[in-house]
Amino acid sequence: MEQVRLLEAIIETAIDGIITIDKRGHIESLNPAALKLFGYALEEVKGHNIKMLMPEPDKSGHDGYLHRYQTTGEKRIIGKGREVRGLRKDGSTFPFRLAVSEVQYDDRIIYTGFIHDLSKEKEAEERLREYAAELEELVEERTKSLRKTVKALSEAKEEVSLSLEKEKELNQMKSRFVSMASHEFRTPLSSVQLSSSLIEKYAQPFNNKNITKHVGKIKNAVGNLTTILNDFLSLERLEAGIVEPAFDSFDLVKLSEEITEEMQMIAKQDQHIIYQHTGLESIVKLDQNLIRNCMINLISNSIKYSGENTFIEFNTEINDEQCIVTIKDNGIGIPELDQKHLFQPFFRANNTGNIPGTGLGLNIVLRYAKLMNGTLHFESVINKETTFKLSFNK
């Protein structure tokens, strides 16, 4: 009796449905799980044929399956679990896995069906299929979008390549034009410069102040045009990337003294360039042509933007760590609002007035300094003084 009660308790509390039928296919019992799955009360199904719980086509074929097994022993239902569908009381169907066992009981045969509901698994499979379909559709859309993007990028790359090629050609044409223009202008300017010097020489016996005055104007104009040509040619070479510093050892003091003498010749009346060197060494390793250009450019600015009867301080220093070049003047200074734009190409401070210039000089000096791994700094007080300092690490 104890074993019977235990078996009944197991059947009553089983998660899966358990159904028993007789050899005619009539229902004898359903456990609570099976009743819940089909939506019936036990009295509604007990004694009825099991096919009432089956949808077509299993409903019509069930009696034939059972009869065939009883007469031939051919297992179409009985045996290992297979997937079938059940019919609920409300007419809906659901999938389940069915396993049927033949049981000898009190000199008679009954059949026990074990029902495992597959509804949740099927719903999960369906959601998975839907998700896979959505994912596949999304992948296809993204693939199409990616192909369009790749095509657009390829076309853009081709356009950029063509643009770069055209830009390269234009830069080459511009470079050739600047070089040609520089050469073509230099020849007549040299002739004008020579002719003005000869006029000045031949006019000396006449001691005519007007001739001296106008010859001076010619020389100044030629000098300004030469400076402009030099600036444009230097900028073009920098933009083309063909300026490569050639580091070599040379005497900085000797170079500075030569530049001082040269620049003193073009200084204004009673303008004096005072050169001084600090340090026991005089040899540095820089690009002599580039540092010469920087010095001349900065001293030229001091001459242009300072008045007559002024001093321009030109200092060099070589210590254990650095080589420093300083040019200081007492000219018009740089307005504070303009200082942040000072090194931009073609920029000129708003207080330069009619003083000639291209606005390229300081940009060129800065770029030359960087090519030599140096720095350029300045300080300026309007109408008082301006100091530029080039620094190079040893």
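**Overall architecture and helix packing of the predicted model**

The protein exposes about 25,600 Å², of which carbon and sulfur atoms supply 54%. The structure described here is a predicted model, and its secondary structure comprises nine helices and twelve strands. Of the 394 residues of the protein, 32% count as buried. Among the contacts in the protein with a separation of 6 or more, 58% are accounted for by residues 24 or more positions apart.

Helix α8, which spans residues 288–304, takes part in a contact with helix α9, residues 361–371, and the axes of the two helices come within 9 Å and cross at roughly 150°. Since angles over 145 degrees count as roughly antiparallel, α8 and α9 are therefore roughly antiparallel to each other. The crossing in which α8 passes α9 is left-handed. On the side of α8, the contact is made by Leu290, Asn293, Cys294, Asn297, Leu298 and Asn301, and on the side of α9 by Gly361, Leu362, Ile364, Val365 and Tyr368. When these residues are sorted by class, the contact of α8 with α9 has seven nonpolar and four polar residues, and no charged residues.

Helix α8 also packs with helix α7, residues 252–264, in this case at an angle of about 35° and with the axes 11 Å apart. The crossing of α7 and α8 is right-handed, whereas that of α8 and α9 is left-handed. From α7, the residues Leu252, Leu255, Ser256, Ile259, Glu262 and Met263 meet Gln288, Ile291, Arg292, Met295, Ile296, Ile299, Ser300 and Ile303 of α8. The residues of this contact between α7 and α8 divide into nine nonpolar, three polar and two charged. As a general point, an α-helix has 3.6 residues a turn, so residues three or four places apart point the same way. In α8, residues that meet α7 include Ile291, Met295 and Ile299, while residues in the contact with α9 include Leu290, Cys294 and Leu298.

Helix α9 is mostly covered, in that eight of its eleven residues are buried. The buried residues in α9 are Gly361, Leu362, Asn363, Ile364, Val365, Leu366, Tyr368 and Ala369. Of these, Gly361, Leu362, Ile364, Val365 and Tyr368 also belong to the contact with α8.

Gly361, found in helix α9, counts as buried at 10% relative accessibility. When residues up to four places away in sequence are not counted, Gly361 touches Asp231 and Asn297. Asp231 is 130 residues from Gly361 along the chain, yet the C-alpha atoms of the two residues are separated by 6.5 Å. Asn297, for its part, is one of the α8 residues that make the contact with α9.

Strand β12 comprises residues 385–393.

Most residues other than glycine have a negative phi, and most peptide bonds are trans. Helix α9 is followed by Asn373, whose phi is positive, with a value near 60° in a residue other than glycine. Asn373 is found in the loop between α9 and β11, the latter being residues 374–381, and is exposed, with a relative accessible area of 62%. Asn383 likewise has a positive phi, near 60°, and is also a residue other than glycine. The loop in which Asn383 is found lies between β11 and β12, and Asn383 is exposed, with a relative accessible area of 62%.

A cis peptide bond, with omega of about 5°, joins Glu56 and Pro57. Pro57 lies in the loop between α3, residues 42–45, and α4, residues 58–72.

Terms used
Residues numbered from 1 in each chain as written. Predicted model: local features only at pLDDT ≥ 70, side-chain atom pairs only at ≥ 80, totals over all residues. Heavy atoms only, no water. Axes fitted to C-alpha atoms, helices over the stretch in contact; angles between N-to-C directions. Helix = DSSP H or I, 4+ residues; strand = E, 2+ residues; numbered from the N terminus. Parallel < 35°, antiparallel > 145°, perpendicular 65-115°, else oblique. Left-handed = near helix turned anticlockwise from the far one by under 90°. Contact = heavy atoms within 4.5 Å. Nonpolar A, V, L, I, M, F, W, Y, C, P; charged D, E, K, R; others polar. Buried < 20%, exposed > 50% of the residue type's maximum accessible area, 1.4 Å probe, protein only. Areas by Shrake-Rupley, 256 points an atom, 1.4 Å probe, with all protein chains shown as cover.
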